[in-house]
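Trainee: Could we go through this one together, helix by helix and then the charged pairs?
Mentor: Gladly; have a look at it and ask away.

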Protein chains: 2
Amino acid sequence: VAHETAKREDLLQRFGASVREARARAGITQEKLAELAGMHRTYVSSLERGQRNVGVVNIYVLAEALGCRASDLLT
Amino acid sequence: VAHETAKREDLLQRFGASVREARARAGITQEKLAELAGMHRTYVSSLERGQRNVGVVNIYVLAEALGCRASDLLT
């Protein structure tokens, strides 16, 4: 359904923006976040652009690497 | 790595327990949550047992069906 697709994209972009903001607060680059989280740099780049439906495990991994709580990334 | 597998399982079980607790607070069955969230009953059952690495989109869908915030499910 078009409406549901738009909502899905909106949710993913909100999540990506939260990661980007938390990364800015932490003062680190995408490359550094990727290294700390054990992810590929292009994966971090695409999730910040809302192009990845990141799983709960990786939400926790990202939060740990960013020095924030997982719940902070879902606001 | 065994240590990382254990941590992953722990994270997923914590998430599943949060959903179960939020569902108890909402006073609804797994069947009802599945219906509200547009998910299969067996998927809800398995995610509450920590057997699914639920994506960020479905975390928001679950929270909406449970009448809570997505961040409440990642504590």
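Trainee: What follows α2(B), and what is its phi?
Mentor: After α2(B) comes B:G38, which has a positive phi, near 70°. Helices here are DSSP runs of H or I with at least four residues, and strands are runs of E with at least two, numbered from the N terminus.

Trainee: Before we go on, what kind of model is this, and how are things labelled?
Mentor: This is a predicted model, in which local features need pLDDT of at least 70 and side-chain atom pairs count only at pLDDT 80 or more, while totals for chains, interfaces and linings use all residues. Residues are numbered from 1 along each chain as its sequence is written, chains are lettered from A and ligands numbered from 1 in the order in which they are written, and side-chain values use heavy atoms, with hydrogens and water left out.

Trainee: OK, back to α2 of chain B: which residues are buried there?
Mentor: In that helix, which covers residues 30-37, the buried ones are B:Q30, B:L33, B:A34 and B:A37. Buried means under 20% relative accessible area, exposed means over 50%, and partly exposed is in between, with a 1.4 Å probe and protein chains only.

Trainee: Why do they line one face of the helix?
Mentor: Seen down the axis of α2(B), the buried residues fall within an arc of 100°, so they line one face; the arc is that of the directions from the helix axis to the C-beta atoms.

Trainee: And what covers them?
Mentor: The cover includes α1, α3 and α4 (56-66) of chain B.

Trainee: Switching to charges, how many salt bridges are there over all chains?
Mentor: The count comes to 12, where a salt bridge is a side-chain nitrogen of Lys or Arg within 4 Å of a carboxyl oxygen of Asp or Glu.

Trainee: Which side chain does B:R20 meet?
Mentor: B:R20 forms a salt bridge with B:E48, at 3.7 Å from N to O. B:R20 lies in helix α1 and B:E48 in helix α3 (residues 41-48), so the pair ties together parts of chain B that are 28 residues apart in sequence.

Trainee: Is B:E48 buried or exposed?
Mentor: B:E48 is buried at 4% relative accessibility, whereas B:R20 is partly exposed at 37%.

Trainee: What about B:R14 and B:D10, where do they sit?
Mentor: Both are in helix α1 (residues 2-26) of chain B, four residues apart and therefore separated by about one helical turn, and their side chains meet in a salt bridge at 4.0 Å, N to O.

Terms used. Contact = heavy atoms within 4.5 Å.
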